[in-house]
2 protein chains.
Amino acid sequence: MKKFFTDPAAIAEHLLPRGFQYSSVACGLKKSRKHDLALITSDAPAVAAAVFTTNRVQAAPVLVSREHLEKSQGLARAIVANSGNANCATGAQGIEAARATTAAVASELGCPQDQVQVCSTGVIGIPLDASKLTSAVPSLVSNLESTTDAYHSAARAIMTTDARPKWSAATCRVDGKEVRVLGCAKGAGMIHPQMATMLAFVVTDAALSWPVAARLLREVAGRTFNSVTVDGDTSTNDTLILLANGAAGAPPIRRAGPDLERFTRALESVCRDLALMIVCDGEGASRVAEIEVRGVASDAVAAVIARTIAGSPLVKTAFTGADPNWGRILAAAGRTPLPRGVAFDPASAEIRLAGITVCRRGQSHPFDEAAAHHKMLERHVPVIVDFKSGPGRATVWTSDFTTEYVRINSSYRS
Amino acid sequence: MKKFFTDPAAIAEHLLPRGFQYSSVACGLKKSRKHDLALITSDAPAVAAAVFTTNRVQAAPVLVSREHLEKSQGLARAIVANSGNANCATGAQGIEAARATTAAVASELGCPQDQVQVCSTGVIGIPLDASKLTSAVPSLVSNLESTTDAYHSAARAIMTTDARPKWSAATCRVDGKEVRVLGCAKGAGMIHPQMATMLAFVVTDAALSWPVAARLLREVAGRTFNSVTVDGDTSTNDTLILLANGAAGAPPIRRAGPDLERFTRALESVCRDLALMIVCDGEGASRVAEIEVRGVASDAVAAVIARTIAGSPLVKTAFTGADPNWGRILAAAGRTPLPRGVAFDPASAEIRLAGITVCRRGQSHPFDEAAAHHKMLERHVPVIVDFKSGPGRATVWTSDFTTEYVRINSSYRS
């Protein structure tokens, strides 16, 4: 949690995983002429696992990347990602544009086309001019470098409404050898559980078997990216990709054990950092509330309640005003959609806001309003909602809803 | 739809249903000293039906009113309603306060206590001082009048963040005799399908059997109050009550037929007017979008998709900016939570915004952006999303999300 609200500092050179290179260029999609095309490559084919959006409307690059992962049997040499256009709701032409981009990268790298993952982010429904991307690929590939500068540029090239780039690194030991985990992400709007990030790319020089990589990524995504919300809108392009190339020279992690535990902690630390950076950078956000629900039947039930609270506009605007209006939190919990037969008793609810107990047994508990308001002015406000009747618990992070969010989104395309 | 955006004009005297009286006073709950306690009475016991919030957190007056309806076997003489305090999350003391209020009204009217319905609206979690209400009841009852002025005052007394009072009237013939339907409502925030109104009271001098009244109210509520959304937050106090006292002298409506059809249209017209007034008066709203979903398996599926679109902050802020950003509409439809096995094909979607086709077969359809923007500046923007593969259709009305919404809700209690 140390990086929660610090701007991401430069990544130290020794934290770069071995055997990866990075690059970015301006290919002309962003009118600002900022870099809008990024490339991450592994020198050797890497084990690749991915988690994609659950939205029924899926962008062309999501369809192509998923197909590539199947064809390549979980191997990838590269991730190519553009900002400035989501290439979504673009029909057969959009699929062709995504394929053409991967073909150009594969040709320059000399690898099978299905070993190239492709991602897009930006406005939905505008045809993507593939020639802008394909003509930029040769210089994109010739610029590849294994330096922190190249990494920082690539992480910036995938930004859209993000206020700042997001990256995080961790290391751990596998069989006594140091391995490195490095991730970057973009996302500030259309952020909601069920692949919450829009785009996140994590590379490691650890070696993982494909089944371990796939399962691990899904589990970690559930506790990190899928536990943040900005506006309840699940994007059509959400993609999280993990590349593991084994270049550190440690033996492959194939099963449960201390090595997998250490690696899981490192991966989860990077993914949580990135997820929290996304919510901190939520469009217009002035603070982040950490909503922990406890004392219900199961973790899954706790997660649904926590997400309902975290998604409530009335709760989010109360945080904007640093208003200890716990009634809105209880009311949001009460309208949580749960399967028949699953219940919890609002009359047993205890609510703590920024460490102050404001509600006990479902009713007001006397507290110092001014002190609570003052503590809620912090950038990070922990909230605990405890229904006192079961072992289930879950945490969801949510940004507040400010006039700036409305300003950003009511003028996005104009 | 004629009253969609007009401020409600004064109700003509001849539209007042026979045999009802109205009153309001300032009992001291609102710091502004405005009227905050309203009473509606029927001279004779009326058939009473009600629809209450589906939120698991239910305010004390909701619990007491439901209990009273059961005990009285669907009869009521009065509705007493306060603003300024929701009497919710107030425990046993809250229940006592609600009971004490109904006891005071019953005593003054000389009727059984269970023939008094009680409602509250305002802040959640603050103990309600029942003595303020009970000591005001004698003057409340002595002020009762069957005049439009008294009705207007009562409708104002239940307002909280509402910018304006809301009422609507209709008449129809039952067995050749004219009957009158008159309703008022309050609601501007915490508005979402599943009893969307917070409070609405409809009185009629038609005679209805209780089973007809109960079924009719539920059906009409589904198509009206439960089809509007402001912020996705279902209130803890939502209550819609219908009183039918038969004072017009028409015979009771007991079964299907032309009389029931005419009365249904009159009731639905009043309820739709009130529901649309609520969404037009949505906190900070600058315009209302009418989201019609067509061409899916069933009306129920269409309703869930329409509600998901209508609840999307990104869609709502696009309307704020009059931005024809149909990609957000399609993306919101795509994340609709539907039961397993229920599907629709985004690739067949056609979207019309303010009468302009902007998307065909799930892709961009060329249109004049400036013209679309201009048409979206209207206060009422119709949207049709057609998936072209089934008979299901539903309409949901939603307000836009403005900086004013955030301002209102981030400073509500301060």
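In this predicted model, the C-alpha centres of domain 1 and domain 2 of chain A are 32 Å apart. Domain 1 of chain A spans residues 13–280, and domain 2 of chain A spans residues 288–410.

The same surface serves both copies, since 98% of the contact residues of chain A recur in chain B.

The contact between the chains takes 52 residues from chain A. Chain B gives 51 residues. On the side of chain A that touches chain B, four elements are listed as giving two or more residues: helix 8 (313–320), helix 9 (326–334), strand 13 (363–364) and helix 11 (403–410). Helix 9 of chain A supplies the largest share of this side, six residues. By class, the side of chain A that touches chain B holds 20 nonpolar, 25 polar and seven charged residues.

Helix 8 and helix 9 of chain A, both of which contribute to that side, also pack on each other. Their axes lie 9 Å apart, at an angle of about 160°. Helix 8 of chain A is therefore roughly antiparallel to helix 9 of chain A, an angle over 145 degrees being counted as such. The crossing of these two helices of chain A is left-handed. Helix 8 of chain A brings Leu314(A), Val315(A) and Ala318(A) to the contact.

Two helix pairs were examined in chain B. Helix 1 (residues 60–71) and helix 2 (residues 91–109) of chain B pack with their axes 8 Å apart, at an angle of about 50°. Helix 1 and helix 2 of chain B are therefore oblique to each other. Helix 1 of chain B passes helix 2 of chain B in a right-handed crossing. From helix 1 of chain B, the contact draws on Ala60(B), Pro61(B), Leu63(B), Val64(B) and His68(B). From helix 2 of chain B come Gly94(B), Ile95(B), Ala97(B), Ala98(B), Arg99(B) and Thr102(B). By class, the contact of helix 1 with helix 2 of chain B comprises seven nonpolar, three polar and one charged residues.

The other pair is formed by helix 5 (residues 210–223) and helix 6 (residues 258–280) of chain B. Their axes come within 10 Å and cross at roughly 45°. Helix 5 and helix 6 of chain B are therefore also oblique to each other. Here too, helix 5 of chain B passes helix 6 of chain B in a right-handed crossing. Val212(B), Leu216(B), Val220(B), Ala221(B) and Arg223(B) make the contact from helix 5 of chain B. Helix 6 of chain B answers with Leu260(B), Thr264(B), Leu267(B), Glu268(B) and Cys271(B). The contact of helix 5 with helix 6 of chain B has seven nonpolar, one polar and two charged residues.

How values were computed. Residues numbered from 1 in each chain as written. Chains lettered and ligands numbered in written order. Predicted model: local features only at pLDDT ≥ 70, side-chain atom pairs only at ≥ 80, totals over all residues. Contact = placed C-beta atoms within 7 Å. Nonpolar A, V, L, I, M, F, W, Y, C, P; charged D, E, K, R; others polar. Domains from an automatic or database assignment. Axes fitted to C-alpha atoms, helices over the stretch in contact; angles between N-to-C directions. Parallel < 35°, antiparallel > 145°, perpendicular 65-115°, else oblique. Left-handed = near helix turned anticlockwise from the far one by under 90°.
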